[in-house]
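Reader: I am new to this structure and would be grateful for a close look at how one part of it is packed. Please take the helices and their surroundings step by step.

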Amino acid sequence: MTANKNASILQTEDLTKYILETSVYPREAETLKDIRNANESYPMGFMGTAPDAGQLMAILLKLLNAKKTIEVGVFTGYSLLLTALSIPHDGKIIAVDPDRKAYEIGLPSIKKAGVEHKIDYIESQALPVLDKLLENPSNDGNFDFAFVDADKHNYWNYHERLIKLVKIGGLIIYDNTLWGGTVAFPEEAVLDHQRKVRQDALAFNEAIASDTRVEICLASIGDGFTICRRAH
Ligand SMILES: C[S@@+](CC[C@H](N)C(=O)[O-])C[C@H]1O[C@@H](n2cnc3c(N)ncnc32)[C@H](O)[C@@H]1O
């Protein structure tokens, strides 16, 4: 068994296509489409957050009335723009990624959408930025929402920091936690290039499942979305 890269976690291209074409693309903002289109010709453009998972994230942001958020792993900005479109006019996103070149691909769409003022983009590795935020006690529990879609081996390090920065009742979402379905593959079916990140995903999934500080749902959407609600 190998992951079908066009089929998301559903593993059938037809079903993925049906969901996208029926309920996602017809309602997707033009500026988000622009980023998706730009990704098609950008190296590793497939890394953009899956639009159906993004649609779920937009609803959660609105249900939460999220105003202050953190994004770890921006790439060309699909999930960032989606977040900026889902929070109020005076909402703020601290968005961290060392790859400014990728961010600049999506920046014209972010500007066109009129939401650039909500974004504080920090060109950096995320851990030092989160540590810096934690140095200021007024940041404890000061964020409504965080989205993590970056280096998978650091997910637990991000979690230990974000659990302090996000308020009780706030959400942290981790992307790619099913890693193309490989988390459930027998070892011999896993391709060499999938092995390392699959191990990271397995370790993270096990750790988060026994973390009593959060309520969790591993939603089988996109490439696996682990939704955590800070419980205390
Ligand atoms: C899967 S992409 C993010 C996709 C993005 N959510 C979107 O919708 O387009 C992963 C991103 O994580 C970034 N990244 C990798 N290591 C990082 C780190 N230590 N801190 C912050 N970002 C990192 C990469 O530069 C890359 O842009």
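Author: In this predicted model, helix α1 (residues 13–24) packs with helix α3 (residues 51–63) at an angle of about 45°, the two axes being 10 Å apart. On the α1 side the contact is made by Ile19, Leu20 and Val24, and on the α3 side by Pro51, Asp52 and Gln55. Sorted by class, the contact of α1 with α3 has four nonpolar residues, one polar and one charged.

The axes of helix α6 (residues 126–135) and helix α7 (residues 155–165) come within 10 Å and cross at roughly 25°. Because angles under 35 degrees count as roughly parallel, α6 is roughly parallel to α7. The crossing of α6 and α7 is left-handed. From α6, the residues that take part are Ala126, Leu127, Leu130, Asp131, Leu133 and Leu134, and they meet Asn157, Tyr158, Arg161, Lys164 and Leu165 of α7. The contact of α6 with α7 divides into seven nonpolar residues, one polar and three charged.

Helix α7 also has other neighbours. Its buried residues are Tyr155, Tyr158, His159, Arg161, Leu162 and Leu165. Besides α6, the buried residues of α7 pack against the strands β1 (68–72), β4 (143–148) and β5 (166–175), and against helix α8 (192–209).

In soluble globular proteins, nonpolar side chains tend to be buried together.

Leu81 has a further partner in Ser109, a residue of helix α5 (residues 100–112). Not counting residues up to four places away in sequence, Ser109 touches Leu81 together with Thr31, Asp34 and Ile35. Ser109 has 23 other C-beta atoms within 10 Å and is therefore buried, the cut-off being 20 or more. From Ser109 to Gly48 the separation is 61 residues in sequence and 14 Å in space, C-alpha to C-alpha.

Definitions and conventions
Residues are numbered from 1 along each chain as its sequence is written. This is a predicted model: local features need pLDDT of at least 70, side-chain atom pairs count only at pLDDT 80 or more; totals for chains, interfaces and linings use all residues. Axes are lines fitted to C-alpha atoms, for helices over the stretch in contact, and angles run from 0 to 180 degrees between N-to-C directions. Helices (H or I, at least four residues) and strands (E, at least two) are DSSP runs, numbered from the N terminus. Angles under 35 degrees count as roughly parallel, over 145 as roughly antiparallel, 65 to 115 as roughly perpendicular and the rest as oblique. A crossing is left-handed if the near helix is turned anticlockwise from the far one by less than a right angle, and right-handed if clockwise. Two residues are in contact if their C-beta atoms, placed from the backbone, lie within 7 Å. Ala, Val, Leu, Ile, Met, Phe, Trp, Tyr, Cys and Pro count as nonpolar, Asp, Glu, Lys and Arg as charged, and the others, Gly among them, as polar. A residue is buried if 20 or more other C-beta atoms lie within 10 Å of its own, exposed if 12 or fewer, and partly exposed in between; C-beta atoms are placed from the backbone.
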